[in-house]
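Welcome! Here is a short tour for someone meeting this structure for the first time. Have a look at the model, then read on.

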Amino acid sequence: MSALEPTEVDRPHSPVSEGAGHESDIERAYRRPVFDRRTAVRPTLSLVIPTYNEVENLPILIGRLADILSMIDYELIVVDDDSPDRSWELAEAMSVENKRIRSIRRIGERGLSSAVMAGVASADGDVVAVIDADLQHDPSILPEMITPILAGRADVVVASREVDGGSYGDFAASRRTLSVAGASLARALTGTPVSDPMSGFFALSREHMERVAPKVNPRGFKILLEFLARGEQPRVAEIGYEFGQRQHGETKLTTSVAFSYLVSLIGLVTGRMLSATMTAYLLVGLFGVLVQFAVLGAAASLGLAQAALIGFEASVLSNYVMNNRFTFTHERRRGRRFLAGLLPFHIVAAHGMVVQIGLVALATGEGPGVGSGPIGYRLLGIALATAGNFALNRNLTWRPRTGIVTL
Ligand code: GDD
Ligand code: MN
């Protein structure tokens, strides 16, 4: 018997199975054959497949895996975030037919990294790997990927588009640029030597996975980077593959996913000194400063006071739009509420200006003036105004629906 052939585990003491006339759904769920962790040998490979709206791709991938992995003892763990196209239902149905498949349906949670971590946490295999469901990752290299780990030569194997035998295929130029830029930034900030740290296709030894998993920050799209850069210095091997075309459905990588990648990269470097929301707020603010100077320069011919005012307004608008989209995603304002939010946001921005100018005026005893005063006081003014504005925006402009005031 193969190690993964699940044993039918009887649960005679389970309360729901007592004295039942005919079987309820819950009873059936309890009776479902499970991998018996007390007696069985580990499967060689646990393959985690995150899905969101992949109802057409999933059965094709699983069919191909059955051929490719026929010589390997494996389990498939499909993690779906309650997809509107009911991918989870399909995964559940397949898991009843095929004992190698397990299905996790998360309700009330979204996100590729956290879905992958849910699958990884429940994996039983000696090797734990992750693959996209949309066939862009070529499953035929999986046996080659797990070999160095089983042989004890590597802790992490990355399927790479950047090494020999690897390519981006027909990946749109814009996406490719984004991926390459993200990878360079990751290499520069974390020092990881991996050629394709943005890859969502990789394998981990069970030991490495168990060492690093508790340290992982499960946000965004960059879960591999967490396993590379959380301070455990893994031995890494890379294997080239050609990035395929998505056959059905569409990508879930949006600009806000890209932005949260940046935020989590900063978290990786700073060791999470700042909350993710605060980091996003600061990034947006920094961008706002650039906008302010660019517009001020462009409008200089109108006279200094006018140009300063227009530059200030441009940065306020840019900050509002970006914070609404990226920083306060859960409290995002739309439609008429979006327009209505401009008022409290402007009041808060004006407050910040008053704090900055007022602090310098108080400290120097001179009259108020924009952009004047000793640099130390000005920086202190900026820091105080930013912290104050953040707290005010959190509680006024994007008040959490619970009505609880947060700082
Ligand atoms: N459970 C769950 N929840 N799965 C998700 C979610 C989510 O919120 N978002 C995406 N997925 C699944 C998709 O269904 C797919 O199987 C896989 O994660 C990748 O999502 P895509 O939307 O196809 O991503 P992509 O092709 O744009 O991104 C590719 O490139 C990135 C870097 O260039 C992937 O290979 C990523 O893994 C990679 O990081
Ligand atoms: Mn994809």
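**What surrounds the ligand, and how the helices pack**

The shell around ligand 1 is made up of 10 nonpolar, seven polar and nine charged residues (Ala, Val, Leu, Ile, Met, Phe, Trp, Tyr, Cys and Pro count as nonpolar, Asp, Glu, Lys and Arg as charged, and the others, Gly among them, as polar). This is a predicted model, in which local features need pLDDT of at least 70, side-chain atom pairs count only at pLDDT 80 or more, and totals for chains, interfaces and linings use all residues. Residues are numbered from 1 along each chain as its sequence is written, chains are lettered from A and ligands numbered from 1 in the order in which they are written, and side-chain values use heavy atoms, with hydrogens and water left out.

**Around ligand 1**

- Ligand 1 is surrounded by 26 residues, and the closest are Glu 54, Arg 110, Arg 246, Thr 251 and Lys 252 (a residue is near a molecule if one of its heavy atoms lies within 4 Å of it).
- The side chain of Asp 134 has an N or O atom 2.7 Å from an oxygen atom of ligand 1, and for Asp 132 the distance is 2.8 Å (a polar contact is a pair of N or O atoms within 3.5 Å).
- Arg 161 also takes part, with a polar side-chain atom 3.4 Å from an oxygen atom of ligand 1.
- On its own, ligand 1 has 740 Å² of accessible area, and the protein covers 98% of this (Shrake-Rupley method, 1.4 Å probe).
- Strand S1 (45-51), helix H4 (112-121) and helix H6 (173-190) are the elements that give two or more residues to this shell (helices are DSSP runs of H or I with at least four residues, strands runs of E with at least two, numbered from the N terminus).

**How helices pack**

- Helix H13 (residues 342-364) packs against helix H14 (residues 375-397) at about 155°, with axes 8 Å apart (axes are lines fitted to C-alpha atoms over the stretch in contact, and angles run from 0 to 180 degrees between N-to-C directions).
- H13 is therefore roughly antiparallel to H14 (over 145 degrees; under 35 is roughly parallel, 65 to 115 roughly perpendicular and the rest oblique).
- The contact of H13 with H14 holds 15 nonpolar residues, nine polar and one charged.
- Helix H9 (residues 255-270) meets helix H10 (residues 276-298) at about 110°, with axes 9 Å apart, so the two are roughly perpendicular.

Technical notes: A polar contact is a pair of N or O atoms within 3.5 Å; within protein, one must be able to donate a hydrogen and the other to accept it, and residues adjacent in sequence count only if both atoms are side-chain atoms.
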